[in-house]
Amino acid sequence: MHALEKILARNSGRKTVHTGEIVTAKVDFAEINDLYLQTVYSFYEMGGEKVWDNERCAFVFDHYAPCPDIKSAQNHKEMRAFAQKNGLRFHFDTNCGVCHQVMPEAGVIYPGMIVVATDSHTTTHGAFGAMGTGCGATDMATILMTGELWFRVPEIIEVRLEGQAPEGVFPKDVILSVLGRIRADGAVYKAIDFTGSYIEQLNVAGRMTICNMAVEMGAKTAYMQPNEDVLNYVKERAVRPFEVQYTDPDFVYEESYVFDVSAMEPQLACPDSVENVHPLSEVTAKEDVMLNQGYIGSCTDGRVEDIAVAAKILRGHHIPEHTRLVVVPASREVMLACMEKGYIQDLMNAGATITTPGCGACLGAHEGILAPGEICITSTNRNFPGRMGSTEAHLYLASPATVAASMINGRITDPRKYL
Amino acid sequence: MKTKLSGKIIVVGDNIDTDQIYPGRFLAITDPKEIGSHCLCGVDESIAANFPQGGIVVAGRNFGCGSSREHAPIALLNMGASAILADSFARIFFRNAVNLGLVPVICKGIRDKVKDGQTLTLDLEAGTVTVQETGEVLPCEKLGDQAMKILEAGGIKPLMRARFAKEEK
C-alpha cells in the first residue's frame with residue numbers, strides 16, 4: 001500500500017483500502033477559515049449541538065484579517081461566538097496568519113494524520129507526510145458533528161523530481177514546470193506523491209510550496225515522505241504523538257512523471273490560467289512586460305525563505321515611481337522572524353507596502369486589489385480572471401525572487417542576474 | 001428525486017474556476033438569493049439576471065476548479081440552475097454540488113454539440129442527454145452510488161438530520 005492508503009486505512013479502522021473504494025475515515029484535525037460562516041449555519045441546520053471534539057477543530061481568521069467591511073466583521077463575530085460556545089482549544093484570530101502556515105506552526109499538523117479544511121490549498125500538508133484535503137462548508141459541518149468524512153480512495157500518481165535546482169530556480173519554478181506539463185485537470189480526484197532526490201533534500205518551506213500547488217492540477221491530496229528537516233520541525237511542535245507512514249516497495253503508481261530539476265529555469269504562469277506556463281526567458285524575449293504591482297505572500301510563497309530572497313534582491317534598490325510592491329508575511333511568526341533579520345526593513349526601504357499576515361489580496365478580498373487593465377506579478381497560486389480584483393486585470397505567477405527582481409525596473413525580469 | 005431534468009442551457013468555457021463563478025469580493029455575503037445574483041459574473045455579468053429557472057450550465061473541462069468555496073454551488077442553485085454538464089469537474093466543487101442537491105454530470109464533448117438557449121433533457125438513470133431541438137441523444141456518465149444516495153435524500157443536510165434524529169432515539 002501507499003503511505004496515503006495506510007493513513008486512510010488506519011483512520012477508517014481497516015487493514016487495507018483499495019483504489020476507488022468509498023471509506024468513512026476519522027479526521028484528526030478540522031479547520032474552518034473565515035469565508036465559511038456557512039459551516040456554522042449548516043451545522044445547526046443539520047441538528048448539530050456541540051462539536052465532536054473541541055481539541056481537534058479550529059477557526060482561522062485569515063481571509064479577512066483584519067476585517068475590511070461590516071459583513072466580514074459580522075461573520076467573524078458569529079464564528080467567534082461558535083468557537084467560544086464550543087470551548088475550542090485552538091483559535092486563530094486576525095493576528096495569526098494564513099491557516100496553512102499557522103496550523104503547522106501550532107503543532108496540529110504532523111505525519112500520518114488526516115487534516116481537512118475548508119480551503120482548497122489543504123494539500124499543503126503533504127509536505128509533512130500528512131493527508132490534507134479541502135472541502136466545502138457543509139461537508140465541514142458534517143465533520144464537526146461526527147468527526148469523520150467519506151472519501152473515495154484516490155488513484156496515486158508519482159511526480160519524481162530529480163537533481164539539484166540551478167541558481168535562480170526555486171520550488172515555485174519547479175511546481176510551475178510540473179503544472180505546465182500535467183495541466184490544470186491532470187490530477188483531478190487523484191493524489192500526487194512527490195518523490196526524487198530534489199524532494200528528499202528540500203526544506204519545509206519549499207515542500208509546502210510544491211504540495212500547496214498540487215490542487216492547481218486538481219489533486220485531492222499531495223504527499224511527500226518526511227525527511228529530517230520535516231521531522232525536526234514537527235518534533236519541536238506536534239501536540240500529539242505521531243507515526244510516520246511509509247509506502248511499500250512493491251506499490252505501483254497509476255502513472256509516473258519524471259522531471260530533471262537541474263535543467264529547469266525560472267518559470268511564469270501567464271494570464272489567465274495556471275496551466276499557461278512558459279520559461280521566463282521565452283516570455284521576455286517576445287515582449288517587455290510592464291508591471292503595475294508586485295505581490296509576495298500567501299500560503300504558497302509567503303514564508304521566511306521567500307521574504308529573505310526578496311529582501312536580498314531588493315536591498316539597496318528602490319521600486320520605480322508609480323508601481324507598488326505588496327508583501328504579506330504568511331504568519332505572525334514569519335513576520336517576527338523577518339523583522340528580526342531586517343528583511344521587512346529592507347523591503348520597506350525599497351518601497352514595499354507590508355500588510356497584516358493573512359491571505360490579503362491573493363483571492364481579491366482586500367489589501368492590494370487590481371483595477372481594470374493593470375498587470376501584476378505575484379508569488380501566489382492562481383491567476384484566473386478576477387482572482388485579484390478586476391476581471392480585466394492580468395496576473396503572472398512567479399517565484400518570490402522573480403517578483404522581487406521584476407520590481408527593480410517595473411518589468412518582468414530574470415532573477416538570476418540579481419542573485 | 002427526479003431522475004429526469006429538463007432545462008434551457010447556457011454554454012461556458014474550460015477551467016471555469018470558482019472565482020469566475022463567484023468572485024472573492026462577494027464572499028462575505030451570506031444571503032443565498034443575493035449570492036445567486038452574482039453567479040458567473042466573472043464570466044459575464046448579465047448571466048445571472050437572465051438565467052432560466054431550472055436551467056442547465058454546460059461547460060468544458062475542469063468546471064469549478066480553484067477555491068473550495070461553497071458559495072459557488074449556492075450561487076448556481078440560487079441563480080436557478082438544476083444541473084451542470086461538463087467534460088470534467090474539480091473534486092471539491094463536485095462534492096459541494098452533490099451535498100447541496102445540484103446535479104453535476106460528466107458529459108464529455110457536450111460543449112461542442114450544443115448551443116446557448118437550446119433545451120436539454122438529462123436522464124440520470126439512462127445516462128443520456130437529449131437535445132430537444134435536434135433529437136440528438138448524447139451519452140453521459142452515471143453518478144456513483146454515494147453521490148446518488150446523497151442526491152436522492154435531497155442533499156447531505158436531510159441525510160444528516162435523519163441520522164442524528166435516529167441516534168438521539
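**Strands, helices, domains and chains**

Tutor: Strand 8 (residues 191-195) of chain A is mostly covered, with five of its five residues buried. Buried here means that 20 or more other C-beta atoms lie within 10 Å of the residue's own; 12 or fewer makes a residue exposed, in between it is partly exposed, and C-beta atoms are placed from the backbone. Helices (H or I, at least four residues) and strands (E, at least two) are DSSP runs, numbered from the N terminus. This is a predicted model, in which local features need pLDDT of at least 70 and side-chain atom pairs count only at pLDDT 80 or more, while totals for chains, interfaces and linings use all residues. Residues are numbered from 1 along each chain as its sequence is written, and chains are lettered from A and ligands numbered from 1 in the order in which they are written.

Student: Which residues lie on each side of strand 8 of chain A, and what is the bridge partner of Ile157(A) there?

Tutor: Ala191(A), Asp193(A) and Thr195(A) lie on one side and Ile192(A) and Phe194(A) on the other, and both faces are covered. Strand 7 (residues 156-162) of chain A runs parallel to strand 8 and is joined to it by five bridges; two strands pair if DSSP finds at least two bridges between them. The bridge partner of Ile157(A) is Ile192(A).

Student: Which residue of strand 6 of chain A stands opposite Ala25(A)?

Tutor: Strand 1 (residues 22-26) of chain A pairs with strand 6 in the antiparallel sense over five bridges. Opposite Ala25(A) stands Leu149(A).

Student: Which strands stand at the edges of the open sheet of four strands in chain A?

Tutor: The order of that sheet is 3-2-4-5, with parallel pairing. Within it, strand 4 (residues 114-117) and strand 5 of chain A are joined by four bridges, and Val116(A) has Thr133(A) as its bridge partner. Each edge strand has a single partner strand, so one side of each is left without a neighbour in the sheet; the two are strand 3 (57-60) and strand 5 (131-134) of chain A.

Student: Is Met339(A) buried, exposed or partly exposed, and why?

Tutor: Met339(A) belongs to helix 13 (residues 332-340) of chain A. Its C-alpha atom is separated by 10.0 Å from that of Val304(A), 35 residues apart along the chain. Because Met339(A) has 13 C-beta neighbours inside 10 Å, it counts as partly exposed.

Student: Which helix gives the most to the side of domain 1 of chain A that touches domain 2 of chain A?

Tutor: Chain A is divided into domain 1 (3-240 + 250-259) and domain 2 (269-412), with bounds that come from an automatic or database domain assignment. Their contact takes 31 residues from domain 1 and 30 residues from domain 2, where two residues are in contact if their C-beta atoms, placed from the backbone, lie within 7 Å. Helix 4 (99-106), helix 6 (171-182) and helix 8 (204-212) of chain A each supply at least two residues of the domain 1 side. With six residues, the one that gives the most is helix 6 of chain A.

Student: Which residue follows helix 4 of chain B with a positive phi?

Tutor: Seven of the nine residues of helix 4 (residues 71-79) of chain B are buried, so this helix is largely enclosed by the rest of the structure. Among the buried ones are His71(B), Leu76(B) and Met79(B). Just after the helix, a positive phi of about 115 degrees is taken by Gly80(B).

Student: How many residues does the contact between the chains take from each?

Tutor: Helix 1 (18-21), helix 5 (91-100) and helix 7 (156-168) of chain B each supply at least two residues of the side of chain B that touches chain A. The contact takes 40 residues from chain A and 35 residues from chain B.
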